[in-house]
Amino acid sequence: MRIAWFDDHRLGVVRDGRVHDVTDALAELPMPDYPTEHGDLLIAHLDHMRPVMETLSKGARSKPITEARFLSPVAHPTKIIGTPANYLKHVAEAEADPEIITARFKGKVEEQGLFLKAISSLVGPSQGVTLRFPDRRTDHELELGVVIGRVANNVSGEEALDYVAGYAIALDMSVRGPEDRSFRKSVDSYSVLGPWLVTADEIADPDALDLKLTIGGETRQDSNTGHMILSTRRQIAWASSFYSLLPGDIIMTGTPEGVGPVKPGDVMHCAIEGIGEMDVPVRAAG
Ligand code: MN
């Protein structure tokens with residue numbers, strides 16, 4: 001199933017090139033008293049909600065996906081986890097370019113550890129990226145986004161994919177410079193997720209997906225998640241050995257080679273096999 005938030009926070013099921021409005025399904029979502037558990041309610045109750053959404057989608061109002069404004073398919077993650085330096089060719093390009101990487105960030109993913117991005121940075125493709133620091137280099141990083149479906153604490157690599165709700169296209173937008181990654185990559189709108197969540201049952205192997213980013217018809221990034229140093233399974237297991245992963249948590253699994261700066265007016269066309277495509281506009285602040 002393909003699940004989306006769109007327009008004015010409508011809930012949708014995407015099928016046959018159309019988004020079907022199943023917002024009424026939210027009446028079936030258990031609403032706990034404040035203070036609630038951490039995590040995304042819809043994702044946490046997805047097993048219960050899927051048949052409700054499926055039934056409602058038949059005969060629901062719908063519109064072509066080209067006419068929908070897609071928001072992040074996860075409304076309330078508790079964390080956005082970033083996996084750095086996870087493609088060898090990206091490690092090589094980063095170490096060859098002092099603008100991308102400074103001494104403290106040298107090395108592959110195992111030496112770097114994971115980082116966290118502020119959840120306030122999360123947007124969907126229709127909202128676009130707003131460049132807050134026009135005088136600083138700001139790069140696109142296209143990545144496979146993994147969305148956690150249930151609490152994962154110290155899970156093994158073998159069982160890791162059982163904890164995945166689904167997958168989406170992710171952009172880990174990055175201001176280049178010497179500061180900590182969590183600071184440079186947490187600017188408002190610098191975490192893009194979209195255009196919808198493809199549930200895990202539709203992706204047989206997340207480590208064998210083509211991914212591509214073009215701007216104005218020019219190919220910038222073109223790779224396959226099979227080139228990741230740490231597989232999706234190992235990233236989930238490793239992350240869960242440090243902190244519990246909660247429903248809705250997002251892992252941005254690392255970017256392949258070809259990162260580069262964006263400027264106002266650019267439209268990042270992003271595609272990942274088995275998920276779909278999205279256009280993300282870049283704007284100037286103010
Ligand atoms: Mn990244």
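Helices (H or I, at least four residues) and strands (E, at least two) are DSSP runs, numbered from the N terminus. Are Glu-143 and Asp-172 buried or exposed? Both are buried; that means under 20% relative accessible area, with exposed being over 50% and partly exposed in between (1.4 Å probe, protein chains only).

A word on what you're looking at: this is a predicted model, where local features need pLDDT of at least 70 and side-chain atom pairs count only at pLDDT 80 or more, while totals for chains, interfaces and linings use all residues. Residues are numbered from 1 along each chain as its sequence is written, and side-chain values use heavy atoms, leaving out hydrogens and water.

Next, select Leu-171. It is among the residues with the most contacts inside the largest nonpolar core, along with Ile-236, Met-268 and Ile-275; that core has 49 residues. (A nonpolar core is a set of buried Ala, Val, Leu, Ile, Met, Phe, Trp, Tyr and Cys residues joined through side-chain atoms within 4.5 Å.) Setting aside neighbours within four places in sequence, the contacts of Leu-171 include Glu-141, Tyr-190, Met-252 and Met-268, where contact means heavy atoms within 4.5 Å. There is also a second, separate core of 25 residues, with Leu-11, Leu-42, Ala-165 and Met-252 among them.

Ile-236 leads you to helix H6 (residues 232-242), where Thr-232, Gln-235, Ile-236, Ala-237, Ala-239 and Ser-240 are buried. Which strands do the buried residues of H6 pack against? Show E5 (80-82), E10, E11 and E16 (250-252) to see them.

Time for the charged side chains. The whole structure has 20 salt bridges, each one a side-chain nitrogen of Lys or Arg within 4 Å of a carboxyl oxygen of Asp or Glu. Pick Asp-139 and Arg-137: their closest N and O atoms are 2.8 Å apart, and Asp-139 is buried, with a relative accessible area of 0%. Both belong to a network of salt bridges that also links Asp-97, Glu-99, Lys-117, Glu-141, Asp-172, Arg-176 and Lys-185.

For another pair, jump to Glu-54 and Lys-58, whose closest N and O atoms are 3.8 Å apart. Glu-54 is partly exposed at 31% relative accessibility, whereas Lys-58 is exposed at 56%.

Last stop: strands E2 (residues 10-15) and E3 (residues 18-21), which run antiparallel and are joined by four bridges. Two strands pair if DSSP finds at least two bridges between them. Find Val-14 and you'll see Val-19 of E3 opposite. E2 and E3 make a hairpin with two residues between them, and Asp-16 in the turn has a positive phi of about 55 degrees. From E3, step across to E4 (residues 62-64), also antiparallel and joined to E3 by three bridges; there, Ser-62 is the bridge partner of His-20.
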